[in-house]
Amino acid sequence: MKRLSLQWRITLLTVLLIGAACVSMKLLLCASGLHYMDSIGSFIQDYGSATVEGDPAFFDPELAGMNEDVTIVIHGAKTSFCTTNWYITAAVTVLSGVLAYFVSGRALKPLRSFASQVEKVQLNNLADMKIDEDVLPEFRQFSRSFNQMLERLNNAFAAQRQFTGNAAHELRTPLALMQTQLELFSAEHPDILPETAEFLSLLREQTERLTQMTKTLLEMSNLQQVARNEKIQLAPMIEEIFTDLAPVAEKNGIALEREGDGVMIGSDALIYRMLFNLTENAVKYNRPDGSVRISVAQEDKMLHIRVADTGSGIPEEFRQSIFQPFFRVDKSRSREYGGVGLGLSLVWEIAGLHGGSVRVEESSERGTVFTVELPAQ
């Protein structure tokens with residue numbers, strides 16, 4: 001029973017109630033009909049066996065000797081009456097069940113509409129997903145509570161973004177000073193001990209990682225304020241990304257390939273950052289002498305951007321977690337390449353802001369394919 005939908009539960013309960021009512025009504029009507037038929041039969045038998053002079057009012061005295069036949073006829077009528085009642089009861093119950101199914105479906109239409117709208121709720125559209133409160137009284141309080149919950153969530157996430165942005169902004173200055181001092185110290189003391197030089201190199205590396213993390217956090221906190229009304233042609237943007245990543249790709253012998261083109265409306269800077277992050281990951285975590293291929297195709301008013309590499313793949317249990325902030329599949333390799341676990345999280349946020357999505361389409365030992373779906377122009 002727990003696995004049945006609410007519509008089927010209402011239908012089954014309605015059928016049971018109507019069926020019980022019909023059966024009760026049938027039994028009562030049948031008992032009443034049988035009682036009066038028995039009374040009529042007894043009256044006819046008594047009337048036929050009596051000696052009456054003159055014409056009877058409604059009974060032919062010539063049939064007075066056929067009392068057994070009359071009883072048989074009445075008994076047959078009783079049986080037919082009961083059988084017909086059962087047929088009518090079954091037909092009314094089935095018809096009521098069919099009507100109850102469609103009527104309950106109509107009654108549950110606002111709930112289905114609500115469920116459909118809830119499925120569209122994302123972190124970046126909380127303010128736009130409020131439900132119309134001008135609905136049936138049964139759903140009005142439900143809609144009002146849901147809208148209030150969305151407002152509280154939106155305020156909470158806004159406060160979180162503001163805190164993250166403020167913290168990242170405040171960290172930029174001391175980190176810049178640390179980097180400058182480390183570089184100056186290294187330049188002014190070229191003859192330091194190897195152990196000290198190694199220690200300074202480690203400090204510069206970790207300070208750079210903190211700087212990059214701060215920059216990314218600041219970008220993520222300001223995503224909502226970025227205008228997304230620019231016309232973007234993807235092919236030139238991908239070529240620009242390839243140019244920026246060419247030194248890293250050539251160092252590892254990675255071939256960069258592009259196919260297709262598309263036009264969309266959005267933020268040029270954010271879309272560039274999204275594709276750059278995906279391509280940079282594909283280059284960094286690829287095999288030596290591998291390849292990265294970006295293809296763009298339009299299907300059903302949606303742009304499908306696929307970034308394919310020839311790396312070692314992503315384990316299936318991590319294919320959803322990789323889009324969470326600070327998550328890294330291989331922490332040792334991320335430290336080696338300077339990753340902080342925010343690149344794919346930023347990709348997820350940017351895709352959502354543009355009404356799209358990103359996912360791992362396929363991944364194996366032969367490589368990984370990331371697919372981004374965005375509305376076309």
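Glu-259 and Arg-293 meet through their side chains in a salt bridge (2.7 Å, N to O). This pair links distant parts of the chain, with Glu-259 in strand β2 and Arg-293 in strand β4 (residues 291-299), 34 residues apart. The model is predicted: local features need pLDDT of at least 70, side-chain atom pairs count only at pLDDT 80 or more, and totals for chains, interfaces and linings use all residues. Residues are numbered from 1 along each chain as its sequence is written, and side-chain values use heavy atoms, leaving out hydrogens and water.

**Salt bridges**

- A salt bridge here is a side-chain nitrogen of Lys or Arg within 4 Å of a carboxyl oxygen of Asp or Glu.
- By this rule the count comes to 6 salt bridges.
- One of them joins the side chains of Arg-258 and Glu-239 (2.9 Å, N to O).
- Arg-258 lies in strand β2 (residues 255-259) and Glu-239 in helix α6 (residues 234-252), so the pair ties together parts 19 residues apart in sequence.
- Helices (H or I, at least four residues) and strands (E, at least two) are DSSP runs, numbered from the N terminus.

- Glu-259 is partly exposed, at a relative accessible area of 42%.
- Partly exposed lies between buried (under 20% relative accessible area) and exposed (over 50%), with a 1.4 Å probe and protein chains only.
- Arg-293 also counts as partly exposed, at 34% relative accessibility.
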